[in-house]
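Reader: Hello! I am new to this structure and would like a close look at one part of it, with the charged pairs and the packing around that part explained as you go. Could you walk me through it?

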Amino acid sequence: MTPEMILTNARVLTMDPSRPRAEAVAVAEGRIAAVGDRAAIEAFAGPATEVIDCKGATLLPGFVESHLHLVLGGTELSHLHLDGIEGEAALARAFRDFAAANPGAPLLMAQGGHYAMLDHPMNRHDLDRVIADRPIAITSHDHHTVWANTAALRAAGIINGAQTPPGHEVVIGADGLATGELLEFEAFAPVVALGGENRLYLGIATGGEPSPWPAEAEQAIDRAKAARGLAHAAAHGITSIVNMDGNRYTLELLQGLQRAGGLTARVKVPFHFKPQMALSELDRADAMTRDFDDDWLSCNFVKMFMDGVVDSRTAYMLNDYPGHPGHRAEPLFPPDRFKAIATEIDRRGHQIAVHAIGDGAVRTTIDGYEAAQRANGRRDSRHRIEHIELIDRADVPRLGTLGITASVQPVHAPGAMDFPLFPTLDVIGRNRWADAYLCADLAAAGAPLAFASDWPVTDISVLRGIGAALTRPAYEGAADQRVPLIEVLRAYTAGGAWAAHMDRLTGTLRPGMAADIVVLSGDIEAAAPGAVSRLAVALTIAGGRVTHRG
């Protein structure tokens, strides 16, 4: 078979243990046709073969983004971004410029606020001084807190508070009115709804479906947002995505793009099981898995949240937060109930992914997975824990023993990339720094690693993520949690594919596998760790189709 494309003069890292390195790759009919020495592969070229000289740059399997929020990220590309904004004066300038550029917007939404961007905890009065006559809101960098001004709180109908599920809170001040701080998704959903984007947040906020079902015109708007997210991912070398929020509507949007030839990455979309749901709701997960099951769009996994985040002290801890006696937060699923839910999901054959940040949440999740194994027997489930920002030392070896995937984000570690060291490390407490944001220790204990960005929580850039993994600081009194470059690359390729049950299809470069490929602008192995993030993606190929040229 004459290949349609040959990529040659490359430093190929195949992630295939039987042949880890090569110089060229041939592509035919969306698959890897051959991998090998330059001369041998170039000899396969025919008159119509596109031959691409990679000029000695690194060529890898396409990146597997193991944890992001595709449609939300695509939506937020049009919001105000607060990267580098510090202090009220700079915040006011940014918002007022954005307001002038968007005179008809019903909500001025900003992304990337952090908990210390003002010199005190932010409230509605601060934002009223920024803009008082239009609804404005700021989403925290971790996407678990929103701060809103008075106009937004009144327009959303929550100035006097709101009933929310446990773990979600409209914070009320001494005056009996909302302070402007909204903790977790169901607290800030009414504000998000002001911008007309609430149906895209259902997959993470409630796990429900839009009602009434959106008309075709509305779906077209939402498909365009998903397409922007896909293009953004392709520009960073991403060819496979594990979406971490979802419902049937998300799958329908992506299937619409697929039918039009616009699905440029393989996407897994979960059923999001919320605490208020009955086990019978898992019939919806079964139906989504049955109806969406091909090499480009699939389900067969269930996402859950066990807790919140560290900075808002909604992460569930085994011990009290420093300076807050008696406060540990609570698990969103009581331990015995989670064991029953995990056992039933596992019995149905679905993979489980649980957001667990505090050490209490991590232990509760591990215990649930262990209960599922005892009840159902050990199978190739590849259940996952997402984030693992704090873990008790007694639980570290349990991940390897039970075969639990550590789906972690090197970019989340304070000081590694965009998140400052403080206040997060203060909230955790110095005596626990040695147990925070582990990576090397989890790998040494046998936990399979899958790396990701959690975009739009952080920059989607895989190259910046690789750089963060290689240069992250060791906290005082803690071990160095960096892993070697080849293991970092594996966690973004073959490791991510394995964790997503995609390893039969992608993640390695060998004959017969999907032609999912990324070519960098240089040799990543020759770059200093601090210079990796300055490399670029020169070419992205998904299923043999070029989805990005740098």
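Author: Let's begin with Arg374, which counts as exposed at 60% relative accessibility. Here buried means under 20% relative accessible area, exposed means over 50%, and partly exposed lies in between, using a 1.4 Å probe and protein chains only. The model you see is predicted, so local features need pLDDT of at least 70, side-chain atom pairs count only at pLDDT 80 or more, and totals for chains, interfaces and linings use all residues. Residues are numbered from 1 along each chain as its sequence is written, and side-chain values use heavy atoms, leaving out hydrogens and water.

The side chain of Arg374 forms a salt bridge with that of Glu370, at 3.8 Å from N to O. A salt bridge is a side-chain nitrogen of Lys or Arg within 4 Å of a carboxyl oxygen of Asp or Glu. Both residues belong to helix H12 (residues 359-376), where they sit four residues apart, about one turn of the helix. Helices (H or I, at least four residues) and strands (E, at least two) are DSSP runs, numbered from the N terminus. Glu370 is partly exposed, with a relative accessibility of 27%.

Now let's see what H12 packs against. Helix H11 (residues 335-347) and H12 have axes 8 Å apart and pack at an angle of about 50°. Axes are lines fitted to C-alpha atoms, for helices over the stretch in contact, and angles run from 0 to 180 degrees between N-to-C directions. H11 and H12 are therefore oblique to each other; angles under 35 degrees count as roughly parallel, over 145 as roughly antiparallel, 65 to 115 as roughly perpendicular, and the rest as oblique. Their crossing is right-handed, a term used if the near helix is turned clockwise from the far one by less than a right angle, while anticlockwise makes a crossing left-handed. On the H11 side, the residues in contact include Pro335, Phe338 and Ala342; on the H12 side, they include Thr364, Tyr369 and Asp367. Contact means heavy atoms within 4.5 Å.

Arg248, Leu251 and Gln255 of H9 make the contact with Ala287, Met288 and Asp291 of H10.

Back to the charged pairs: the count comes to 42 salt bridges. One of them joins the side chains of Asp37 and Arg19, at 3.5 Å from N to O. This pair links distant parts of the chain, 18 residues apart: Asp37 is in the loop between strand S5 (31-36) and helix H1 (38-42), and Arg19 is in the loop between strand S2 (11-13) and strand S3 (21-22). Asp37 is partly exposed at 44% relative accessible area, and Arg19 is partly exposed at 35%. Another salt bridge brings together the side chains of Glu216 and Arg223, at 2.4 Å from N to O. Glu216 is partly exposed, with a relative accessible area of 47%, whereas Arg223 is buried at 17%.
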